[in-house]
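Hi everyone, thanks for coming. Please have a look at the sequence and the structure before I start talking.

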Amino acid sequence: MIAVDRGRYTCMVDDEPLTAMRARELGRKSVVVGDRVGLVGDVSGSTGSLARIVRIEERSSVLRRTADDDDTTAEGRLERVVVANADQLVIVSALADPPPRTGFIDRCLVAAYDAGIVPLLCLTKADLAGPAEVLGYYAELDLPHVLTEPDGDLSALREVLAGRVSVMVGHSGVGKSTLVNRLVPDADRAVGVVSAVGKGRHTSTSAVALRLPSKEASWIIDTPGVRSFGLALVSAESLLHGFPDLVEGTVDCPPNCEHTETDPECALPAWVTAGHADVRRLESYRRLLASRSGGDGLEGPDRG
């Protein structure tokens, strides 16, 4: 399934799009972009035809988020499946205008690791600022990345997208839709500008899967710009594994250590002091922990 609009679903059958609706027998099961579905009815794809989606195939991966980090709130309990069956998460972040927000990137990394999706950091507007500070923050992760510039060569990005189903996420204004339009010239995704206060305007309003013009079966799924990426439904253990540079540092922690600032015997501060991880990574991890217990998790200059 490649798109949904007001209760109508666009599906690809033999490389041709057709329109379908959900069958009642699916109950409350949601159908999302990336789903592989079973269809009945008029599957001709001709004008005015309408098939029915009667089955959702087992998903190989599910990228999900919540509106809130706290699962005691209604927003925190509401799971929003972003896409299904993606195998790469492309986290798009501008190096300037707006400035990079590592808190948001950290959240996306947690979601990617939890879903079993390979992360890729795509840093745009490399003509305005260098990547050293951001890449230094993730130095211990060996996080794959690509740099892009307006009208610059996209061959490095095309290479890592080839043969994959990649979902692109990012704040509005980071250049995500511009990238999509360059990768798929007929995509015609709406492009916004950055406001005077450094915040992007929301442009894309719905997720859509687009096939890349390449010899290999390659898809990108463009998603609406988001302001937050809630992690209420990610377990505490999975949250830690979103920070692989900190995991080994917990070996010397006492049993049942929650790794917060109030745990005096937590071994993570010593791990950071010894140079095994950036102190900002520990601060980001602890902000996420605080947000799960009812705090806003957004203190500090880099609000995720």
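A word on the ground rules. This is a predicted model, in which local features need pLDDT of at least 70 and side-chain atom pairs count only at pLDDT 80 or more, while totals for chains, interfaces and linings use all residues. Residues are numbered from 1 along each chain as its sequence is written, and side-chain values use heavy atoms, with hydrogens and water left out.

Let's begin with charge. Side chains of opposite charge can pair when their charged atoms come close. Here a salt bridge means a side-chain nitrogen of Lys or Arg within 4 Å of a carboxyl oxygen of Asp or Glu. Under that rule, the model has 11 salt bridges.

One of them joins R52 to E25, with the closest N and O atoms 3.6 Å apart. R52 sits in strand β5 (residues 51–56) and E25 in the loop between β3 (16–22) and β4 (37–41), so this pair links distant parts of the chain, 27 residues apart. When I say helix or strand, I mean DSSP runs numbered from the N terminus: H or I of at least four residues for helices, E of at least two for strands.

How exposed is R52? R52 has 36% relative accessibility and counts as partly exposed, whereas E25, at 53%, counts as exposed. For the cut-offs, buried is under 20% relative accessible area, exposed is over 50%, and partly exposed is in between, using a 1.4 Å probe and protein chains only.

Next, please find R64 and D114, whose side chains meet in a salt bridge at 3.3 Å, N to O. This one also links distant parts of the chain: R64 is in strand β6 (residues 62–65) and D114 in helix α2 (residues 102–115), 50 residues apart. R64 is partly exposed at 25% relative accessibility, and D114 is partly exposed at 27%.

Now for a buried example. Between K176 and D222 there is a salt bridge with the closest N and O atoms 2.7 Å apart. K176 belongs to helix α5 (residues 176–183) and D222 to strand β13 (residues 219–222), 46 residues apart. Both of these residues are buried.

There is a network too: salt bridges link D106, D245 and R281. R281 takes us to helix α9, since R281 is among its buried residues, along with L282, Y285 and L288.

Helix α9 covers residues 279–292, which is 14 residues. From first C-alpha to last it reaches 20 Å, close to the expected 20 Å, where the expected span is 1.5 Å times one less than the number of residues. What do the buried residues of α9 pack against? They pack against α2, α3 (132–137), α6 (236–241), α7 (244–247) and α8 (268–273), with contact meaning heavy atoms within 4.5 Å.

Last, the rings. Rings of Phe, Tyr and Trp (its six-membered ring) pair if their centres lie within 6.5 Å; planes under 30 degrees apart are stacked, over 60 edge-to-face, and the rest tilted. That gives three aromatic pairs.

F104 and F229 are edge-to-face, 6.4 Å centre to centre with 70 degrees between the planes. F104 lies in helix α2 and F229 in the loop between β13 and α6, 125 residues apart. F104 is buried at 2% relative accessible area, and F229 is buried at 1%.

F243 and Y285 form a tilted pair, 5.3 Å centre to centre with 55 degrees between the planes. Here F243 is in the loop between α6 and α7, and Y285 brings us back to helix α9. Both F243 and Y285 are buried.
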